[in-house]
Amino acid sequence: CGAYPMSDETAPPPPDRKCMYHCRVLMALISSVLLLLGISMQVFSASNLYGVPLHTMCKSYSGSPEVSDTTSFTALITKVLEQREECLTKPSQQEILECCKSHSPSEDSWYFSGICVKPWLSGFSLKNDTGLNLGESLDLFTSVLSDFIGVAHSNEYANANAEFWCKNCPNDYRKNCPFDPPDDDVAMPGMQSSGLCECPGGKLSTKDEHFWSSSADSSLSGRYILCSDQAKVYRSWIEALFPRSAQPEWTSAHYEAAEQRFYNTCFSRKGQLGFILTVGPVLGVFSCIFTIFSLFKYCATTGLPSMTYNFVLLAISMTLISFWPLSFTGAAGLIARYSFCWGLQDTVVVLNATYGAQGRAAPVLFTGQPCYDINSAGDHETNPFIEQLGVFNAGYVTGGVLMIIALILMLAIVSKHSDVVLESKLARPDARGSEEDQL
């Protein structure tokens, strides 16, 4: 049909199969290194992102790394009982209402939360002379401080904010404070004592203890604290609320059981999340192993390359899915609640950027968004708690990106290698002879 066969001189040279094999080996080596690096970053970042030491959060909250203990909780409980008794024993009903409303988050719901919650139980004390059982006593006291410490129910202490976990307090405005302001000689110079809140069991931060403004939704921070640190503080709370002097039936075994129960609950809650975060790296390891075995001649002629191809696709999907819990659990959202303010501290955009100015020590934007990179002294210093969350959040995402790049390289290796092996097998002389015999 007018077509002439191509001569051997003009035909392209056959591909160098040895060179192609070496290229696939090199790709496998590069992908393995990227995969191991990505897995290491993800495992290290995830373990630290959801295991921040409690003293780091306390350092950013009050400038002091001290956490709450039995002694500080006992002082807190004593102060609450004194404030409650002072309000509920006023001579007139009008004075009782005024006192209760002034020590409650909302004047319209003072009998639901605050110092005077359930006023008919005015005799509530650590000796439990109200006739309530231990669970009801814990629930009542939780209601008194619910809005202040961020705990809505007695079994939700894992969601408590820094007011509960940290011993000392910032020399700044604190939301839903049920206590009277400290004396004028206690308040730092330049602060408005009427905007401060007393710190029972601890102390207000000094001028050398720099702290940062906190997000209004600070209960999210508890999700990223070490369960062991939280469990120890919770045990101190139970020991202070049910001391042996008033509750002789409580022994060390009971306190340990309460601590262990809290730890197990916290660990199981994070365990479900840990499964989602680790399934991608685990599948990536198996994908790497199967890809390496697929390079060998005897394995490449089996169904291993096809299985590896599907396995790599599954690993890519699970790695992408593992990014979702970072937003679902609020890590990215909590970080986004803070703003970079350095460079704007001398403008009206940032409010109260100098220590002790106008009753607000820690600087915030004019929108109320807390500053991430300016402390209460007005110095350019990053919030250590948010910084750790941001670094490890970025580390996990970066590790995931490296994993996806490595898995795509593996996908290219296994999808092409099986075809090359099949072509090589069909090109052998014995294979040609067998085909001619069949024809």
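Mentor: Helices here are DSSP runs of type H or I with at least four residues, strands are E runs of at least two, and both are numbered from the N terminus. The model is predicted, so local features need pLDDT of at least 70 and side-chain atom pairs count only at pLDDT 80 or more, while totals for chains, interfaces and linings use all residues. Residues are numbered from 1 along each chain as its sequence is written, and side-chain values use heavy atoms, without hydrogens or water.

The protein chain has 14 helices and two strands. The part to look at is helix H7, residues 227-241, where glutamine 230 is found. H7 has 15 residues and reaches 21 Å from its first C-alpha to its last, close to the 21 Å expected at 1.5 Å a residue; the expected span is 1.5 Å times one less than the number of residues.

Next comes burial. A residue is buried under 20% relative accessible area, exposed over 50% and partly exposed in between, using a 1.4 Å probe and protein chains only. Of the 439 residues in the protein chain, 46% are buried. In H7, 12 of the 15 residues are buried, so the helix is largely enclosed by the rest of the structure. Among them are Cys227, Asp229, Arg235, Ser236 and Leu241. The cover over the buried residues of H7 includes helix H2 (54-62), helix H3 (70-88), helix H5 (134-149), helix H6 (162-165) and H8.

Leaving out residues up to four places away in sequence, glutamine 230 touches Ala158, Trp165, Gly222, Ile225, Phe262 and Cys266; a contact means heavy atoms within 4.5 Å. Across the protein chain, 71% of contacts between residues at least 6 apart in sequence join residues at least 24 apart.

Two of those neighbours, Trp165 and Phe262, are also in an aromatic cluster with Phe73, Tyr157, Phe164, Tyr234 and Trp237. Tyr234 and Trp237 are among the buried residues of H7. Rings of Phe, Tyr and Trp (its six-membered ring) pair if their centres lie within 6.5 Å; planes under 30 degrees apart are stacked, over 60 edge-to-face, and the rest tilted. The whole structure has 18 such pairs. One of them, phenylalanine 44 with phenylalanine 392, is edge-to-face, at 5.6 Å centre to centre and 65° between the planes. The rings of phenylalanine 242 and tryptophan 250 have centres 5.4 Å apart and planes at 20°, so that pair is stacked. Phenylalanine 242 is buried at 5% relative accessible area, and tryptophan 250 is buried at 14%.

Charged side chains come last. A salt bridge is a side-chain nitrogen of Lys or Arg within 4 Å of a carboxyl oxygen of Asp or Glu, and the count is seven. Lysine 167 meets glutamate 66 at 3.7 Å, N to O. Lysine 167 is in the loop between H6 and H7 and glutamate 66 in the loop between H2 and H3, 101 residues apart. Aspartate 69 also bridges to lysine 167, with the closest N and O atoms 4.0 Å apart. A further bridge joins lysine 79 and glutamate 198 at 3.6 Å. Lysine 79 lies in helix H3 and glutamate 198 in the loop between H6 and H7, so this pair ties together parts 119 residues apart in sequence. Shared partners join Glu66, Asp69 and Lys167 into one network.
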